[in-house]
Amino acid sequence: MDNNFINQVRNFISPESISDLSSSTGESADKLEKGFNMSIASVLLGLANQGKGGLSTIFNQAKSHFVDSLDGTGQAPPLKGVFSSLFGNSSTEVVSSIQTHSGLSASATNSVLEQATTAVFGFFKNLSPNFDVDTISNFLSNNKAAFAAALPMGLSWAGLGKSNHTEPVRPVVHERVKPVAPVKKEKGSSMWLYIILLLIAAALIYFFLRGKDVPATTVDTTQGVIDTANTNANTTVDLTSRELMKVTLPDGVVIDAYKGGIEDRLVVFLKTDYKKLGDQKLKDTWFDFDNLNFQTNSAIITEESKPQLVNIVAILKAFPDAKLKIGGYTDKTGTEAVNIKLSGERANAVKKSIESAGRGSQVEGAEGYGSKFAKYDASAPESDRVLDRHISVSVR
């Protein structure tokens with residue numbers, strides 16, 4: 001987390017509060033600033049180390065506090081007790097380190113921590129008015145390394161804010177996992193006979209399916225929602241069962257999107273200091289379209305998919321510094337040459353759609369990867385292989 005994020009949280013601490021704190025404690029503005037910066041980063045890191053169960057408990061407490069405890073100016077009084085619940089037995093160590101590095105007195109440090117904690121929750125209330133745990137968890141997960149980097153070495157000890165909850169935090173994005181090389185097996189006559197029979201069976205299945213349309217799909221793997229990209233597919237997905245939400249962009253534009261869908265997750269990610277992740281981490285981080293469909297065995301985008309592309313254009317307009325790389329992916333069925341060609345054509349179709357809307361300068365390229373990153377074998381059930389077929393974007 002850089003000073004930009006610290007300053008965003010500091011905006012939730014009124015100048016009058018800081019002035020009053022300086023007068024009552026006799027501490028200088030420089031010491032208070034150091035104390036606030038370290039306290040804000042510590043609270044954010046402590047929250048980032050909580051499981052979702054812990055976050056739910058904490059933010060339910062914060063929700064009632066901010067609703068029931070507003071004073072006449074619309075500000076909530078200091079949120080007490082949260083810091084100790086975040087760090088448990090490490091609370092004394094954290095407070096002592098903040099006091100040492102800032103040079104504040106013990107009483108001033110405690111006051112700074114209370115106001116900093118309240119400011120952090122004010123920041124999250126602005127990010128998600130209803131304190132949605134998924135949204136906040138994604139933000140914390142994406143910026144955890146930055147929070148630690150904002151702290152002096154003495155504050156970045158192992159296990160800072162470690163929670164007793166073992167539930168992992170689900171990230172807003174997923175990472176491509178390189179295929180694991182197959183384990184070599186001992187050769188033998190019976191094994192070769194088995195392999196030959198399998199090859200013959202696979203060939204028969206391939207030529208049988210050659211003349212049929214195989215529906216391609218896009219997948220939102222973090223949500224477990226599968227949307228067929230074939231408008232004539234026998235199996236359809238009821239998108240109406242998904243929860244719609246309003247996503248407000250920095251330029252004030254409001255778009256309709258599915259909760260946890262590509263628009264929701266992409267906006268949360270772009271609001272973070274994502275450039276600090278570095279080029280390689282960004283290249284390994286992808287967001288899957290969850291309502292992007294094509295006509296069978298073609299790169300023609302269906303009319304029903306246009307709204308999601310319009311949303312992506314609106315997001316790019318609201319974040320003019322962001323650039324996207326578009327990737328197309330298939331499963332392992334069929335020949336790799338055909339897979340690469342089709343996945344590339346579909347990725348380029350999305351690129352051209354964005355270009356035609358005037359945001360072509362924010363698309364760095366489009367590439368078809370075929371089945372290079374597919375996790376499931378060609379013989380795997382359709383319910384597995386469907387997870388390997390998607391169009392995704394990576395922020396650059």
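A residue is called buried when its relative accessible area is under 20%, exposed when that area is over 50%, and partly exposed in between. The exercises below apply this and related ideas to a predicted model.

**Exercise 1.** Determine whether serine 394 is buried or exposed, and state where it lies.

*Solution.* 
- Step 1. Serine 394 belongs to strand 9, which covers residues 390–395.
- Step 2. The relative accessible area of serine 394 is 0%.
- Step 3. The cut-off for a buried residue is under 20%, so serine 394 is buried.
- Step 4. Serine 394 and leucine 266 are separated by 128 residues in sequence, while their C-alpha atoms are 9.5 Å apart in space.

**Exercise 2.** Leucine 266 is one of the residues of helix 10. Explain how the burial of its residues describes the setting of helix 10.

*Solution.* 
- Step 1. The buried residues of helix 10 are Ile262, Glu263, Asp264, Arg265, Leu266, Val267, Val268, Phe269 and Leu270.
- Step 2. These make up nine of the nine residues, and helix 10 is therefore largely enclosed by the rest of the structure.

**Exercise 3.** Describe the second largest pocket by its volume and its lining.

*Solution.* 
- Step 1. The volume of the second largest pocket is about 790 Å³.
- Step 2. Its lining consists of 31 residues, of which Asn126, Leu127, Ser128, Thr135 and Lys271 are the closest to the centre.
- Step 3. Two or more lining residues come from each of helix 1 (3–10), helix 7 (106–127), helix 8, strand 4 (244–248) and helix 10 (262–270).
- Step 4. Sorted by class, the lining comprises 14 nonpolar, eight polar and nine charged residues.

**Exercise 4.** Classify aspartate 134 and asparagine 297 by their accessible areas, and locate each of them.

*Solution.* 
- Step 1. Aspartate 134 is found in helix 8, residues 133–149.
- Step 2. Its relative accessible area is 27%, so aspartate 134 is partly exposed.
- Step 3. From aspartate 134 to glycine 260 the C-alpha distance is 8.1 Å, although 126 residues separate the two in sequence.
- Step 4. Asparagine 297 is located in the loop between strand 6 (285–288) and helix 12 (306–318).
- Step 5. With a relative accessible area of 41%, asparagine 297 is partly exposed.
- Step 6. The phi angle of asparagine 297 is near 50 degrees, a positive value in a residue other than glycine.

Conventions
Residues numbered from 1 in each chain as written. Predicted model: local features only at pLDDT ≥ 70, side-chain atom pairs only at ≥ 80, totals over all residues. Heavy atoms only, no water. Helix = DSSP H or I, 4+ residues; strand = E, 2+ residues; numbered from the N terminus. Buried < 20%, exposed > 50% of the residue type's maximum accessible area, 1.4 Å probe, protein only. 1 Å grid on protein atoms, 1.4 Å probe; cavity = no way out; pocket = protein on both sides within 12 Å on 5 of 7 lines; lining within 4 Å. Points joined across faces, edges and corners; volume = space filled by probe spheres on them. Nonpolar A, V, L, I, M, F, W, Y, C, P; charged D, E, K, R; others polar.
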